[in-house]
Amino acid sequence: MGGDLILAERGKAADCTIVLPVAASASQRYAAEELRDYTERLTGTRLPIEVAGAQLPEHAILLGLRNDPDLGEDGFRLKVANGQLEVVGSSVRGTLYGVYELLERFGGCRWYASWHTVVPTRDRLAVPDDLDDVQKPAFLCRDVHFWDMFKADFAARNRANGISHHVQARHGGNTWRYVKGLGNCHTLQYLLTTKEYGVSHPEYFALHDGKRTNDDRGHADFNVQLCLTHPDVLRIVTSNVLDRIRRDPTAKFVGISQNDNQKYCQCPACAAVDAEEGSHAGTLVRFVNAVAEAVEREYPDKYVETLAYQYTRHLPKKTRPRRNVMPCLCSIECEFSRSMTESLCPDNAAFRKDIVDWGGATDFLYVWDYVTDFACYPHIFPNLGSLQKNVQFFRDHGVKNLFEQGACQGRHAGFAELKAWLLAKWLWNPDLPQEPLLDDFFVGYYGKGAPYVRRVFDAANRRILDYNVTSNRVLKIYQKAWHEDCMNALPDAFLEEAQGLFAQAEDAVKDEPPVYSYNVRMSAFSVDFMLAERLRWGRSGKVVDFVRQAAETPEQARARQERLRALIVSLQARMKEAGDIRLVSGNVRDGHTQVTNAWQAILSQPVSTEAVPTGWVEEIGLSTLKPGEWTKIVDDPATGNGRAVQAFRRGWVIVFPMSKAVFRPGHRYAVHARMRADVLPGRTGNVFQAGIYDPDRKGRKDVLGFYRDLDQVANPRDYVWYRLGEWRPENASEYLWIGNGQLDKNGQPTTDSVFVDAIRFEEVE
């Protein structure tokens, strides 16, 4: 005892056989093929595969011939006895995961990214002859929701088994699949629609702030909730849920959850339930329980998933989820530079209480956690201080399924590949030591460039902790690269130093295989992007026009502009090379496209050292508050470029920061806006309101105000240039705002929407 059992040896004929059960599953057959192929890459020896017969080979690797129910679907046991290595595990995934453990632990194989696998050259593949190792995952469902983990082979090799990973039969199938076409969050918009019932039955929809949410305004998720105490709503949703399950009976889950907005129902019946329960989750859990009861009668093996999210995050006082209901608790409000247990942020303290409460109320708790910066995917987002400790916290409080939402729309977000790999490891075993894992990844992924990239990563995480602790600040999931906290924690000087370190890393790998250069350059994308966006924006989140700024000399202006152009060209080249880089979370009409369009506009402009005022701003330069809920960009052939900003809400919803324009000091300007409005029938009040506001001005902060009543507008449905007023720019903090007119004396609006085509500044003095 104490020696090695040799499974394959370079230069020698194979004398070890891979043995499968007679009725091997697809994943067990795949496990045998993976073991055979990787062993050949490791040692040059190709092991034969055969099906178990009456007499087993003397020297064999037995895959899944036995299973232990205590191991569940994914656990395994590696055991050597009598010259044979046995992989004990289920036919679902246990056998497959046991093979990957064998290859990783004893073969040195690593799957760092879908494009980067490390298979060392070995003289032999061997295991200790006294090996007996049992492993079970900490979480039943381990969903690492990053772009690269959507590659099913890669996800399986890292033992990620969630709904994100598109696993197929050879990977064990998707145990955690939801019924087709519905998904696992914000589903009530599909189970009772405004298209079918919005006009005929407005009472089916939430009454919020005195108004029914039966108008989806093109995006039901952001604008619609249901009245969950209405009996017809329960009947319709239950019928639709059962119908979807009948059409997809092999799915395990069906999602019934609130839409992604705060417009919960305030009708007397809903308000009474929520008051009794001390939480808006009261109406939701009672509603979901009622649907789940009907589901259980017909499908006792199915589970209903619902969200404990934002306004429904607190556990109801009285009602508890049924046994076939899986609540999904979401950490969206939390801060992530420090762990749930270490952070003093009130949002983290509230979440800790909620997870304890829900954990005591259900045996099937699901957590949706957030591990990237959704406003700026390339942000380094130094959250290492929370990753492992939060996973341990979830494990210790009874969480069964864990969903880690990262940069899911593109590769190469801030150290995304590292974070996805670490999370896959920790969702299997949250107690794996951090430092050896970091050392493993950096050397394996960056080669000889590892020491330089590691210095950037370590310094970023150290800086964010030091800054947040000493300044009592937090790291949240919507922090842009030019946010004040990001600028203070990771200042330009740090990013410039990081650029130098990445340059050294790239030089260090120039003679290594090309994948290492690729990995270094794509990780450097984060630093270059953050610097470029800080050059494009001012320090306080104000867009800097591509002209000379007031405090710059002509030489400084040219240097800044040329540096920005060089960064943009480099970033665009890497985006083209990678093909799948995404800058901002969301759909193609939002931030990602705005950034790339802005870059292209900068490259198309000549470098200028003259300070000139902005004369015309189309809708692309306007900031819109709560897109989809208060505002949206719409196609409009009557505008100069075929698009306009539509505002639904009163007041301050379309904004233009004056720092976007460069005004000559001491001069006076007029501001104009080309607008139109949809007037509601029978109304006679205020149509437009606009103004310039200066939050830094002492005393009265309104620089000017503009109001136009219906009797002052010839035809409000036609676009007209309105002169909003004159003022003398004084502070970079000033901003123009535009919105629907004021409510009349009866509290009624005059307009349904205001549309803005463009704004223009005119020097008058």
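**View 1. Salt bridge between D580 and R411 in the predicted model.** The side chains of D580 and R411 form a salt bridge with an N to O distance of 3.5 Å (a side-chain nitrogen of Lys or Arg within 4 Å of a carboxyl oxygen of Asp or Glu). D580 sits in the loop between helix 18 (554-578) and helix 19 (591-604), and R411 in the loop between strand 18 (399-405) and helix 12 (416-428), so the pair links parts 169 residues apart in sequence. Helices (H or I, at least four residues) and strands (E, at least two) are DSSP runs numbered from the N terminus. D580 is partly exposed at 29% relative accessible area, whereas R411 is buried at 14% (buried is under 20%, exposed over 50%, partly exposed in between; 1.4 Å probe, protein chains only). This is a predicted model, in which local features need pLDDT of at least 70, side-chain atom pairs count only at pLDDT 80 or more, and totals for chains, interfaces and linings use all residues. Residues are numbered from 1 along each chain as its sequence is written, and side-chain values use heavy atoms, with hydrogens and water left out.

**View 2. Salt bridge between D757 and R674.** The closest N and O atoms of this pair are 2.7 Å apart. D757 belongs to strand 29 (residues 751-763) and R674 to strand 24 (residues 669-679), so the contact ties together parts 83 residues apart in sequence. Both residues are buried.
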